[in-house]
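Reader: Could you take me through this chain before I set up any calculations? I would like to begin with the overall architecture and then look at individual residues.

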Amino acid sequence: MTTAFNFEEYFQTKFEEKLFNDDEEPDNHMTAATRLLEKKREMSELEHALSAQKEEFESKMRELSHRREELDKKELNLRSSLIKFDQFLIENDVKKRRAMKKANMEGQMKEQSMEVIREKMKEKEKLQSFLTKQRKRLAKEKVYRSYLEAVVEGSTEFNELRDILRKYETLSINLEELFMKSNAMSDELDAMKHGYMTMISKNNEETMRFTNDIADLTWRKENASSTAQKWESLWTHIQNTAARNVLLLGRIKMATENVYIQIYRQRGITPKEILGIDEQLKKIKTYIIDLTDIIQESEKQEEINKANMGVFERLVK
């Protein structure tokens, strides 16, 4: 919305500024009454001008409002026209699509019809070609018919042409049966050959497998023999080592027992019973520890005595 300019306030402000400025200027040749009348006259002129400007402004505002309403109406009419035009374009587009779809369908139907016509024309050409070939074949086979009729006339076995045809059909059937029997026998012979070759192949495979088994068993036997010899040598070595160890153990036991007895003898005690080797070793260990402690204690005491003797000698001196 357009903001209206306040002409009344504008002119009032300008008038006051001019009035105050005029009061400040010195005017010696005019009386106070004359100046007041002059100010009133100017005030009246300004009010008259202000009224004129106000009326003119209001007139322009009314005119602008009227133009605004006309523009709004025109805008509404234009929008309505645009909407109608859009609807027209949409309807026209829909009609165009329908027409194109119908034309495409008609074109497809026409193409299908033409395809059917082309297929029929090809079939017609094939039938005409087949008919032409059959006519040519019939013309060629007339010679055979004439020949068969001549055979019937000169033969006592056949009275009619049908008899020859029946004989031919019978012979053809017999020939076909013979071919079938021959094919069946050939198939059976092929099957027998295949079975024979399969059996030979299986026998060869079994022979090869047995040969491989024999070679494997022979290798395993040799390996077992070698392993047995190694174990026999190891057993002999173990027996010899065990004998040496038993002898060494006996010697260790005798030495341990002798040490055990010597310890008791040094103490002046006779052992009541001979203990086991473990107990003897424990007693010997205890004796060695005690003997070590005694030796260390005596060494310490000897060092103390030497120190005391040194002190005593220094005192004597």
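Author: The answers below go from the fold as a whole to single side chains. Please note that this is a predicted model.

Reader: How many helices and strands does the chain have?

Author: The chain has 4 helices and 0 strands. Read from the N terminus, the order of elements is α-α-α-α.

Reader: What percentage of the residues count as buried?

Author: Of the 317 residues, 5% count as buried. The accessible surface of the chain is about 29200 Å², and carbon and sulfur atoms account for 58% of that area.

Reader: What share of the contacts comes from residues 24 or more positions apart?

Author: Such pairs make up 36% of the contacts with a separation of 6 or more.

Reader: Turning to helix 2, how far apart are its end C-alpha atoms?

Author: They are 176 Å apart. Helix 2 covers residues 32-154, and because 123 residues at 1.5 Å a residue should span 183 Å, the two values agree.

Reader: Where is the kink in helix 2 centred?

Author: The kink is centred on E141 and amounts to about 30°.

Reader: And which residues are buried in helix 2?

Author: K39, E42, L50 and V152 are buried there.

Reader: On to the nonpolar side. Which residues make up the largest nonpolar core?

Author: That core consists of 5 residues: Y260, I263, Y264, I284 and Y287. Helix 3 and helix 4, the latter spanning 277-316, each supply at least two residues of this core. The largest share, 3 residues, comes from helix 3.

Reader: What is I284 in contact with, beyond its neighbours within four places in sequence?

Author: I284 is in contact with T256, V259, Y260 and I263.

Reader: Which backbone oxygen lies 2.7 Å from a polar atom of the T256 side chain?

Author: That is the backbone oxygen of I252. As background, an α-helix has 3.6 residues a turn, so residues three or four places apart point the same way.

Reader: Finally, T292. Where does it lie, and which backbone oxygen is 2.7 Å from a polar atom of its side chain?

Author: T292 lies in helix 4, and the backbone oxygen in question belongs to I288. At 34% relative accessibility, T292 counts as partly exposed.

Technical notes
Residues numbered from 1 in each chain as written. Predicted model: local features only at pLDDT ≥ 70, side-chain atom pairs only at ≥ 80, totals over all residues. Heavy atoms only, no water. Polar contact = N/O pair within 3.5 Å; in protein donor to acceptor, adjacent residues only side chain to side chain. Expected span 1.5 Å × (residues − 1). Bend = angle between axes of the 7 residues up to and from the residue. Buried < 20%, exposed > 50% of the residue type's maximum accessible area, 1.4 Å probe, protein only. Core = buried A, V, L, I, M, F, W, Y, C linked by side-chain atoms within 4.5 Å. Contact = heavy atoms within 4.5 Å. Areas by Shrake-Rupley, 256 points an atom, 1.4 Å probe, with all protein chains shown as cover.
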